[in-house]
Every structure is written in structure tokens, then in C-alpha cells.
Amino acid sequence: MKKGMKLSVAARREENWGWIMVAPTIIGLIVLNLWPFVQTLYTSFCEHLGFGHYKFIGLGNYIEIFQTPEFWKATWNTIYFCILTVPVGLFLALLVAMLLNAKIKGKGIFRTIFFLPMVCAPAAVTMVWRWIFNAEYGILNQMFGTHVNWITDSKVVMIACAIVAIWSNIGYDAVLLLAGLQNISKSYYEAANIDGATKVTQFFQITLPMVSPTLFVVMIMRLMSAVKVYDLIYMMVEETNPAVTSVQSLMYLFYRESFIAGSRGTGSAIVIWTVLLIGAITVLQFIGQKKWVNYDV
Amino acid sequence: MKKIPRIASLVLAITLLLSLSGCGATDGKTHLKFQIWDVAQRDSMQAICDAYTAKNPDVVIEVQVTSWNEYWTKLEAAAESNTMPDIFWMHTNQILYYSDFGMLADVTDLYADEDPNYYQNHFSEISIGNASGSDGRMYGVPKDKDNIFLVYNKEMFDAAGVAYPDDTWTWDDLVSASAQIYDKTGKYGYMAYNDDQMGYWSFVYQAGGCILTEDKTRAGFDQPGTKKGMEFYVGLQQNDWCPNQAYFAETAPGTAFFSEIGSMYIEGNWELMNKCINFPNMDGKWDIAPMPKCPDPVSGDGRATISNGLCYSTAAHGKTKEIALDVIKFFGTEEAQLLASSYGAAISAYTGTEQPYFDAFDKAGYDINVEIVMDQFEYGVQNVNNAAKPKWKSPVLDELNKVYNGQQSLDSALANMQKIVDTETAKKLAGD
């Protein structure tokens with residue numbers, strides 16, 4: 001429709017219907033996402049006196065958290081968790097996706113097996129891993145004859161959590177990447193074969209550039225969920241665990257502040273900080289993607 | 001034929017609306033919800049509810065169980081929107097927070113018509129204290145009373161040739177027995193882990209110290225008795241016969257005990273019946289003994305056990321407040337408390353209604369010296385609390401964790417713990 005043209009009655013009716021059709025989603029977003037976010041922002045400037053009574057204290061919560069070492073430790077733990085899980089997870093997921101894309105027997109079964117962790121409840125998955133990691137009776141230490149305190153040694157506990165996170169997410173990421181891989185036309189590889197390119201060259205010159213848009217999307221998703229990691233650590237590490245400060249993420253700290261200590265103002269400030277962190281990481285990624293993501297197909 | 005879909009959708013809409021209104025009572029009776037957190041007490045709670053219904057046929061009470069952690073998140077959210085359950089359990093950890101905010105109905109004069117001194121006449125001072133708010137008014141009808149004691153494995157004591165613990169036992173006996181059992185059988189001795197109520201608190205009070213001062217406005221971590229108790233308790237993990245905190249993070253002392261890996265740990269009487277039922281293969285192999293006493297306390301006679309108690313509460317502004325008050329009034333009577341005791345899950349608070357609890361173990365054929373729990377009430381110490389407890393409980397635990405994993409000395413931890421409790425308490429007092 002051209003600009004300046006008045007809408008006919010029928011067109012206006014159609015437009016109204018359009019609004020009505022999207023209304024449930026928009027209202028849902030406003031009520032369930034946008035409004036709580038505004039409230040969280042406001043709460044972060046307040047002290048929670050108890051039972052929903054708040055007192056405005058300006059930047060007090062932020063000043064308080066920026067002065068506590070636990071907070072900075074939790075911020076570093078969160079970033080460390082991202083560093084441990086995202087690159088390795090993406091690499092393994094790509095590897096799995098390529099294997100699943102190859103001509104092998106029982107492809108369907110393998111795809112199902114790799115996807116299975118995704119359909120298990122995270123809490124149940126973590127409970128099973130806790131037993132695998134158990135220092136005294138766990139299968140891991142029994143198998144290798146070692147005595148590593150997987151979830152109570154402050155140096156190892158994060159790696160243990162990262163292993164579980166990578167294991168749970170590989171299948172899902174691999175399926176997304178698989179879809180990307182299947183979009184690559186076979187003719188590129190045929191041409192490369194005629195030119196005598198090795199498999200390695202083919203991977204770097206064809207596969208990687210062609211799958212890079214999908215890889216980029218998966219990376220953004222994975223990083224965001226890694227920054228928000230909570231349930232895994234909560235289930236894995238209890239409050240009396242001596243390694244708890246070495247593994248508690250920002251969201252775990254938020255939970256302890258808001259729901260155990262009842263300081264919802266401090267908790268909200270931690271959440272806002274996390275939002276900023278995710279925002280910063282995502283902006284960096286979008287700047288960085290120009291260097292490696294290839295949209296010309 | 002166009003009308004049919006319209007009629008169908010109308011019918012559907014009406015059914016939906018009807019099912020909504022179905023949430024309300026349709027049988028003309030008042031339905032109350034009673035929220036608790038301990039699944040082991042569901043039967044005894046349902047029994048006293050049914051006893052109330054037998055007297056008041058038009059009131060039906062449904063017991064709902066929520067796990068401990070969720071319980072408090074849910075209850076607080078419900079309190080904010082004034083949709084608290086009609087009746088619920090209240091714990092000493094939280095009662096001051098709730099009552100200071102006026103969330104709980106004042107039940108001080110609940111029995112004024114029959115006996116103005118009802119509580120004083122029928123409940124112990126500790127029970128009343130556990131159900132009181134900061135203003136000294138009652139915000140719950142005392143439900144039960146408990147204390148903690150030493151649980152020991154008889155077979156391991158026999159194998160090591162050590163006499164069973166009794167009421168003459170001191171800290172020194174605890175240490176030497178632990179060492180002997182570890183030497184002779186390879187099993188752990190007393191399993192001392194990082195916990196307050198089930199851990200260092202009792203030892204602090206035995207040594208003549210305190211966690212909070214009498215008026216609950218300051219912490220007592222700077223007092224010599226407290227330091228003595230803490231040094232002893234925290235130091236226990238230095239021994240070979242006690243697993244370290246890393247071990248306990250994965251294996252709870254109770255689990256280690258009933259897997260016959262360790263010989264002693266501290267348990268509360270509310271868990272006894274549960275343990276008997278869940279570990280039938282251990283039947284006859286274990287027993288309980290009084291808390292060992294401090295041989296040279298800074299003050300007092302060296303005896304102490306933390307004694308806690310729950311109470312029945314209702315919301316201050318609940319829609320069914322009058323009926324709910326009548327129900328909890330019944331829950332506080334001798335009749336209801338006798339009935340609750342008889343299930344062996346908790347010792348009723350009402351003085352003179354304890355015996356059915358102990359009989360329950362005989363009846364079920366469990367050979368345990370449960371009477372010890374009764375004797376221990378004599379030197380029970382009220383479960384430590386003040387209005388700021390939800391704020392300081394976790395940070396204090398964190399400080400102590402740093403001692404257990406070698407990140408700081410006990411002295412600096414004590415100083416930090418003192419500061420944390422004092423600051424949070426002062427904030428709370430200033431806020432009110």
C-alpha cells in the first residue's frame with residue numbers, strides 16, 4: 001500500500017483483525033516478560049523490608065554488591081563457566097553433527113541417542129551425575145582408580161559442572177547444526193573433490209563458512225544460557241559444600257539473596273547486572289561475527 | 001445448521017465456568033487447607049483434623065505437604081497476596097519475621113474463656129518461647145517439642161570393646177571412643193559436620209557460651225564459652241576418625257551411619273521413627289544416648305541440647321480466620337496433642353501428652369532407648385533465633401565453610417560471624 005493512501009474500510013478491518021490475532025502473544029509478553037522486567041529494575045533500587053514492602057534506596061544495592069567479593073567471584077565464575085562450556089560444547093556439537101550427517105548405518109538411532117539428554121529433566125540428569133562424580137562411591141573414581149573430589153574440590157568443581165552442561169546440550173546443538181549442514185549443496189564438495197582438495201581443506205573452506213550462520217545462532221543461544229546457569233549448579237552443589245563459593249554463578253547468588261536471605265533488592269540488582277553482562281557479550285558477538293560469519297551463499 | 005457450532009461453544013464456555021466455580025465448596029461444608037512440610041507427619045496431622053471434623057461435621061480439613069524449601073517460598077508469596085493456607089505450621093526460624101510483620105493471628109487470648117493461663121499451665125517455657133513473637137505475644141499454638149541426641153552403632157562399640165555412651169559421657173569420652181573405634185574397626189567415629197542446630201550450637205551452649213545474647217540483640221561469638229565450644233567442634237574434623245567437610249557435602253552423616261560407615265552422629269527425635277521404618281535391617285544394631293557434656297565449661301554444668309518446637313498458626317487477615325482459630329484451639333488441647341503423639345512422629349508440646357510418643361516405639365517393636373529424649377528436656381536450650389535470622393543464617397554458614405576448607409582461621413571466622421549477625425540484627429531493629 002502506498003503512503004498517504006487512505007485505508008479502505010475493509011483494509012482497516014483487516015488491520016484491526018491483525019492486531020486482535022497478535023494480541024494474545026503481545027499481551028502475554030507484556031504481562032509475563034516486560035512488566036516483570038520493569039518491576040525487577042525498580043526493585044533493584046529498593047530495599048525489601050519483607051512481604052512485598054519496599055523502600056527506595058537509590059543505588060544502595062549496587063554499591064553494596066560491588067563491594068562484596070562474593071559478587072565478583074560469582075561474576076568470574078559465570079564467565080569461567082561460559083569459557084569452559086561454550087567453545088568445547090560447540091566444537092563437539094559440530095563434530096557430532098558432521099558424524100551424524102555422514103553416510104553411516106543407524107543414523108536415526110544415533111541422532112536419538114545424542115538428543116536424549118535434552119528430553120530428560122535437568123534435575124534428574126544432575127542427580128545421576130552427582131552419583132557418577134561421588135568421590136567415595138562414584139563410578140568415575142572407581143573406574144580410573146583415582147580419588148578426585150569432583151564436586152567438593154574448589155579447583156575441580158567447575159570442570160565437573162561444565163562436563164554435565166556440555167553433555168546435556170550437545171544433542172540439541174548438534175541437531176541445529178545438522179540442519180545447517182544439510183543445507184549445504186553437495187555440488188560444492190563434488191567440485192572440491194575434482195579439484196583435489198583434502199577433507200580438511202573442504203571442512204575449512206566449505207563446511208565451516210557455509211554453516212557459520214547456524215553456528216553463530218547456536219553460539220549466541222549457548223552463551224546466553226551459560227550466563228544464566230542456575231539449576232545445574234543448584235542441584236550439584238549444596239550450601240554446605242566447601243567449594244560452593246568457587247562455583248556459585250550469578251543466578252545462584254541471586255537465588256540465595258532473594259529467596260533464602262529475602263533481600264530481593266540485592267537479588268534484583270544482581271539480575272540487572274547479569275542482563276547487562278549478557279547484553280555486552282551479545283554486542284561483542286555481533287561485532288565479532290562480521291569477521292567470520294558468511295551470509296553469501 | 002450454522003447454529004450448532006455456536007451452541008457448542010456456548011456449552012463449552014459454560015462448562016469451563018462451572019469447573020472454575022467448582023473450586024468453591026459445593027457440599028455446603030467449609031473446606032480448610034492445612035499446610036505442613038513433613039510427609040512423615042501427614043497421618044498424625046490428618047488424624048487430629050478428622051477428630052475436629054468428628055466434633056464439627058461441617059468443617060473438613062485437608063492436609064497438604066510441601067517440601068521444606070518450597071514451603072517458605074510459597075508461604076511468603078501467599079502472605080504477600082493474603083492467600084495463606086487456612087492453617088499452617090510455623091517454625092522458629094521464621095516466626096519472628098512473620099509475626100513482626102503482622103502476618104500471623106495473635107492467639108494469646110485463644111483460651112481466655114477457659115483458663116487465662118492456659119499456655120503457662122500446660123506448656124513448657126521453651127515451647128511458649130518458640131511460639132512467641134518479638135513482642136512477647138503468642139503467634140501460634142505450640143505443636144511439638146524436640147531435642148537432639150547422640151546416635152551410636154552398638155556393633156561397632158562392641159567390636160572395639162568400648163562401653164556404650166551414657167549420661168556420664170564427656171567430650172573426652174566422645175573423642176577417645178571415636179579414636180578407638182577407628183583404630184580397631186576402621187569405621188568413622190563421631191561425624192561432626194558443618195551445621196548449626198545439628199552441629200556446633202549444642203557444643204557452644206555446653207561450654208557455657210551462646211550464639212545470641214539473652215535479649216537476642218547481639219551475637220555471642222566473641223564470648224569465651226562460645227569460642228571454646230566452636231574450637232572443639234570445628235577441630236573434630238582434624239582427626240582421622242572424622243570425615244572432612246568435602247565428604248559430608250556428598251554423604252550426609254545420617255546416610256553414612258545407616259550405611260554402617262560411621263559409628264556416631266547427632267540426630268533429632270523427629271527423625272527417629274522415620275529411621276526405624278526406613279532401615280529395618282539396622283533394627284537392634286543402634287541406639288541413642290544423651291548429648292555428651294563439656295568436662296570443663298566456662299559456666300553452667302556442661303549439659304545442653306538444642307530444643308526446638310513448631311506451632312500451629314493462621315493468617316492475621318485470613319478469610320476463614322474465625323474457624324481456623326477454632327481449629328488450632330482444638331489442636332492445642334490435651335485430646336488432640338495425645339492423639340498426635342501416638343503416631344511416634346513428634347512429641348506433643350502439651351505437658352503430659354508425651355507418653356504416647358514413646359509407647360509408639362514399643363508398639364512398633366523398635367528397641368530404642370527413646371526415654372532419653374524426655375530426660376534431656378531438663379537442660380534443653382531454645383532453638384536460636386531472632387528476627388534477622390533468615391538474613392544471617394546462610395552468610396554465617398559460609399564463613400564457617402571457609403574454616404573447614406582452610407581459607408581462614410576460626411578466630412577470623414568468629415569475628416566475621418559476630419559482625420554479620422550484629423549488623424543484620426541492628427538493621428532489623430532499626431527498621432522496625
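At 17% relative accessibility, A:Arg264 counts as buried in this predicted model, because the cut-off for a buried residue is under 20% relative accessible area. A:Arg264 forms a salt bridge with B:Glu76, and the closest N and O atoms of the two residues are 3.1 Å apart. The pair joins two chains, since A:Arg264 lies in helix H13 (residues 264–292) of chain A and B:Glu76 in helix H3 (residues 68–80) of chain B. B:Glu76 also counts as buried, at 11% relative accessibility.

**Salt bridges**

- Over all chains, a search of the whole structure finds 26 salt bridges.
- B:Asp106 forms a salt bridge with B:Arg137, with the closest N and O atoms 2.8 Å apart.
- B:Asp106 lies in the loop between helix H4 (92–100) and helix H5 (118–122) of chain B, and B:Arg137 in the loop between helix H6 (125–130) and strand E4 (141–142) of chain B, so this pair ties together parts that are 31 residues apart in sequence.
- B:Asp106 is partly exposed, with a relative accessible area of 33%, and B:Arg137 counts as partly exposed at 32% relative accessibility.
- B:Arg137 also forms a salt bridge with B:Asp109, where the closest N and O atoms are 3.4 Å apart.
- This pair links distant parts of the chain, with B:Asp109 in the loop between H4 and H5 of chain B and B:Arg137 in the loop between H6 and E4 of chain B, 28 residues apart.
- B:Asp109 counts as exposed, at 53% relative accessibility, because the cut-off for an exposed residue is over 50%.
- A:Glu70, B:Glu399 and B:Lys402 are joined into one network by salt bridges that share partners.

**Negative patch on chain B**

- A patch of negative charge on the surface gathers B:Asp166, B:Asp167, B:Asp283, B:Asp301, B:Asp362, B:Asp367, B:Glu371, B:Asp375 and B:Glu378.
- One of these residues, B:Asp367, has its place in the loop between helix H16 (355–363) and helix H17 (371–376) of chain B.
- B:Asp367 counts as exposed, at 52% relative accessibility.

**Nonpolar patch on chain A**

- A nonpolar surface patch of about 1200 Å² is made by A:Trp17, A:Trp19, A:Ile20, A:Met21, A:Val22, A:Ile26, A:Ile27, A:Ile30, A:Val31, A:Leu32 and A:Leu34.
- Among them, A:Leu32 lies in helix H1 (residues 9–43) of chain A.
- A:Leu32 has a relative accessible area of 64% and is therefore exposed.

**Overall form of chain A**

- Chain A contains 13 helices and 2 strands.
- The radius of gyration of chain A is 24 Å, whereas a compact globule of 297 residues would have one near 19 Å.
- Taken along the principal axes, the C-alpha atoms of chain A fill a box of roughly 80 × 70 × 35 Å.
- Of the 297 residues in chain A, 40% are buried.

Technical notes: Residues numbered from 1 in each chain as written. Chains lettered and ligands numbered in written order. Predicted model: local features only at pLDDT ≥ 70, side-chain atom pairs only at ≥ 80, totals over all residues. Heavy atoms only, no water. Patch = residues over 30% accessible without salt bridge, like charges linked within 9 Å, V, L, I, M, F, W, Y side chains within 5 Å. Areas by Shrake-Rupley, 256 points an atom, 1.4 Å probe, with all protein chains shown as cover. Salt bridge = Lys/Arg side-chain N within 4 Å of Asp/Glu carboxyl O. Lys, Arg positive; Asp, Glu negative; His and termini not counted. Charge placed at Lys NZ, Arg CZ, Asp CG, Glu CD. Helix = DSSP H or I, 4+ residues; strand = E, 2+ residues; numbered from the N terminus. Buried < 20%, exposed > 50% of the residue type's maximum accessible area, 1.4 Å probe, protein only. Rg over C-alpha atoms; globule rule 2.2 N^0.38 Å.
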